[in-house]
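Have the picture open while you read.

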Amino acid sequence: MNAPALLDRVRARLALEPGLPSRADVAALVRDESGGLLGDDDVLRAVREAVDELAGAGPLEVLLRRPGVTDVLVNGPDQVWLDDGAGLALTGVRFPDDEAVRRLAVRLAAAAGRRLDDAAPWVDVGLPDGTRLHAVLPPVSGSGTCVSLRVLRRCSRSLAELAAAGALPGASEDLVRALVRRRLAFLVTGGTGSGKTTMLSALLGEADPADRVLLCEDAAELTPASPHVVRLLTRPPNVEGVGEVTLRDLVRQALRMRPDRLVVGEVRGAEVTDLLAALNTGHDGGCGTLHANRPAEVPARLEALGVAAGMGRSAVHSQAAAALAVVVHLRRSAGGRRVEELGVVRRAGEFVVVESGWRADGGPCPAGDRLRQLLGPAACA
């Protein structure tokens, strides 16, 4: 049987149906249209091709299914890049033309209830399977339709597993265990892909099993090994532009749900004001992740986010000084992802600074004594 003709018939039937097709819908139509003329292997192949084309990510689906893939990037019909943990590499996947890339981007956006067209030429949204979609249409994108897919894999590795993989060099394993045990508020920082979410999930797995952990996330990535976890997720606005639920909304709701530990998966906006306020009202052990190049730059990042949310500069620093104790900084290198530094948050006049309390390279640690006071001498031995 002619596979393209079969796909055309399935596509024609789906065009008459309201809404977006599910994978099960596509598979059922393929079986119906094949009329029993295909063998089992051919049916499975045709179903997979049709699902990828009509309900999946098209030619990108085979890349997204690869183990270890974190990003698939489309810069144009003949430039599809992939990152599987070893850096970006150009793949052999090609689209017929830019219109095919655009159709895929529009369909994926629609699957998440978002609009992508000339009036709304970009979109940033989570797909139903958890993959993060960002797409930009011409003429905003001068090189054709650009699509970025971030594969969000749930972080389920324990602290012991991370240590065995080399992510916790030297004394850092004992230090971060003590950090959680002492119920100190902390941030896990680092660049994109440095392993912040994985580390945060592992650290939360070390919390007291009696703790009620409230997770506020854009996507369900954190999977701490804790018996009492409540997860709250953001929601984008619908096609009419209403119904949005932000991280700031989630933090406010979480505070009314009797949290023992309040966790923000990624601090990147106005929610920083509510998080800092919460950590100053008796919610010990709160934590989150934050993009930062170095621990010393964390105060500037918090200041930028807080001021943009309407807080005064001095208020941001005062809240941060009272709320946060330690910064756990990770770096991604050719040798893998690992803890590079533990910084101690302290007030310096009107502002907050983060000083090194422990460094993987053995460099100077002006806040080493303070870190020992916070975590206990046994942890810092």
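Q: What gives most to the lining of the largest pocket?
A: That's α8, with four residues. Bear in mind that this is a predicted model. The elements that give two or more residues to this lining are β5 (132-136), β6 (146-150), α8 (196-204), β11 (287-291), β12 (326-333) and β13 (336-348).

Q: Which residues lie nearest the centre of the largest pocket?
A: Arg150, Leu152, Gly193, Thr197 and Glu221 do, out of 46 lining residues. The pocket has a volume of about 1400 Å³.

Q: How many residues of each class are in the lining of that pocket?
A: There are 11 nonpolar, 18 polar and 17 charged residues. Gly counts as polar here, so Gly193, one of the residues nearest the centre, goes in the polar group.

Q: Which residues make the contact between α9 and α10?
A: On the α9 side they are Leu247, Arg248, Val251 and Arg252, and on the α10 side Glu271, Thr273, Asp274 and Leu275. By class, that's three nonpolar, one polar and four charged.

Q: Why are α11 and α12 called oblique?
A: The axes of helix α11 (residues 298-308) and helix α12 (residues 313-323) cross at roughly 125° and come within 9 Å. Roughly perpendicular covers 65 to 115 degrees and roughly antiparallel starts over 145, so this pair ends up as oblique. The crossing of α11 and α12 is right-handed.

Q: What meets what where α11 and α12 touch?
A: Pro299, Leu302, Glu303, Gly306 and Val307 of α11 meet Arg313, Val316, His317 and Ala320 of α12. They divide into five nonpolar, two polar and two charged residues.

Q: What makes a space a cavity and not a pocket?
A: In a cavity, a 1.4 Å probe fits but cannot get out, whereas a pocket is open. A search of the whole structure finds one cavity of 30 Å³ or more, and the largest cavity has a volume of about 40 Å³.

Q: How many of the residues lining the largest cavity are nonpolar, polar or charged?
A: Eight are nonpolar, with no polar and no charged ones. They are Leu187, Val267, Val272, Leu275, Leu276, Leu279, Leu302 and Leu324. α10 gives the most to it, with four residues.

Note on methods. Residues numbered from 1 in each chain as written. Predicted model: local features only at pLDDT ≥ 70, side-chain atom pairs only at ≥ 80, totals over all residues. Heavy atoms only, no water. 1 Å grid on protein atoms, 1.4 Å probe; cavity = no way out; pocket = protein on both sides within 12 Å on 5 of 7 lines; lining within 4 Å. Points joined across faces, edges and corners; volume = space filled by probe spheres on them. Contact = heavy atoms within 4.5 Å. Axes fitted to C-alpha atoms, helices over the stretch in contact; angles between N-to-C directions. Parallel < 35°, antiparallel > 145°, perpendicular 65-115°, else oblique. Left-handed = near helix turned anticlockwise from the far one by under 90°.
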